[in-house]
Structure formats: C-alpha cells, structure tokens
Amino acid sequence: MEEPPRMKGKASIPATEIRCAATIRTSFNLLDISQQCNACAIGIAVQYLRYVDSLKDQPYVDSFFLCVGSLLLACKYYDARRKTRDVINVVFASIYSSEAPLPLQDSEFWAIKDKTFEMEQHILRALKFDIDIDMPFTKLLVILEGIRPLVQSDFEALVHCSWKVAN
C-alpha cells in the first residue's frame, strides 16, 4: 500500500511513542497535573524512546514503566507532588482498564514500585539528567507578550484562544 501524498517524505511517529503519549495524556487527566507537566512527561518518554532507538542493541522498554517513570520525573520537575502509588495505579488503570486494581500491600506492588524507580534512574542516565524539555507554551507566551500593545482590548481572549489551540 502506498503512502498518502501528504505523508511522502515525512517520518512517521512510532507506535510506541503514540501509545505512551496517549497513556500519559489519560493519566494526566486523572492525576490533575498541569499541561506543562503533561507535556514534559510526554517529552521525556519520547526522548528516552529515541535514545533507545539509537542504540545498537536495543533493550526491551516496558511502556508501563516508561509512562510511570516519565510522569514521576515530570511531576518532580514541576513540583507537582503526587504519590508514587497514585501514579502507578492511574497508569495501570489507563493501560489495563479491564483488570482488577493493584493490591496496595502485595509483594507484586512493591516489585512494581522498585522497577519504577529503576526506570526513573535509566531515564535520567539516558537523558544525562537533562529533562528540561523545550515547551511550545513558552514560545507562545513570548509571542503573545510581544503583540500585547497591538491587541490591548481583547488580549485576554486572544491568550485563552491561543492556549486552547496549543493544547
């Protein structure tokens, strides 16, 4: 099957990146974190997946642990305190919605928690502790501040509309 003309020459987004972004987006709604924190978590996951793709011997990356680790790192970066248990449970519910919730005092839960912290370490080392993701929101706000003198009367409406489009 041939690619549609609008897609010729453009790189496709790998399915793993799409699944991780969708899981993080769903979890973001349930965890009540900011858009910036959500975008940062997606950016961390994508950067880590691209790092793994660049390796000769590509290790298996469990998308569950990648999503949990990325969300926890983004929450820590934006000082949006969330309990590790809550993030694990929300991501688990997002991915495995038909399964029973994780028991809180089970040894399996503690093993998941340990693997989550290992994944956080892998992500940080792979990204060389640089999780400062360049956000489009920052550029949008700079542009809006620059045109503020031109649009004095409806500036707030313009900001809200632009923000909705960016999200």
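Buried means under 20% relative accessible area, exposed over 50%, and partly exposed in between (1.4 Å probe, protein chains only). This is a predicted model, in which local features need pLDDT of at least 70 and side-chain atom pairs count only at pLDDT 80 or more, while totals for chains, interfaces and linings use all residues. Residues are numbered from 1 along each chain as its sequence is written, and side-chain values use heavy atoms, with hydrogens and water left out.

View 1. Ring pairs of Phe, Tyr and Trp (its six-membered ring) have centres within 6.5 Å; planes under 30 degrees apart are stacked, over 60 edge-to-face, and the rest tilted. By this rule there are 7 aromatic pairs. Phe 109 is buried, at 3% relative accessibility. Trp 110 is partly exposed, at 40%.

View 2. Helices are DSSP runs (H or I, at least four residues), numbered from the N terminus. The count of aromatic pairs is 7. Tyr 48 and Tyr 51 make a tilted pair, 6.3 Å centre to centre with 40° between the planes. The two lie 3 residues apart in H2, so about one helical turn separates them. Tyr 48 is buried, at 8% relative accessibility. Tyr 51 is partly exposed, at 33%. The Phe 109 and Trp 110 rings are edge-to-face, because their centres are 5.8 Å apart and their planes stand at 80°.

**View 3. An aromatic cluster.** Phe 64, Phe 65, Phe 92 and Tyr 96 form one cluster.

**View 4. H2 packed on H3.** Axes are lines fitted to C-alpha atoms, for helices over the stretch in contact; angles run from 0 to 180 degrees between N-to-C directions. H2 (residues 35–54) and H3 (residues 63–77) pack at about 130°, with axes 8 Å apart. They are therefore oblique (under 35 degrees is roughly parallel, over 145 roughly antiparallel, 65 to 115 roughly perpendicular, the rest oblique). Contact means heavy atoms within 4.5 Å. On the H2 side, the contact residues include Cys 37, Ile 44 and Tyr 48; on the H3 side, they include Leu 66, Ser 70 and Tyr 77. The contact residues divide into 13 nonpolar, 1 polar and no charged (nonpolar: Ala, Val, Leu, Ile, Met, Phe, Trp, Tyr, Cys and Pro; charged: Asp, Glu, Lys and Arg; polar: the others, Gly among them).

**View 5. H2 across H5.** The axes of H2 and H5 (residues 107–126) come within 10 Å and cross at roughly 70°. H2 is therefore roughly perpendicular to H5. Ile 44, Tyr 48 and Tyr 51 of H2 meet Met 119, His 122, Ile 123 and Ala 126 of H5.
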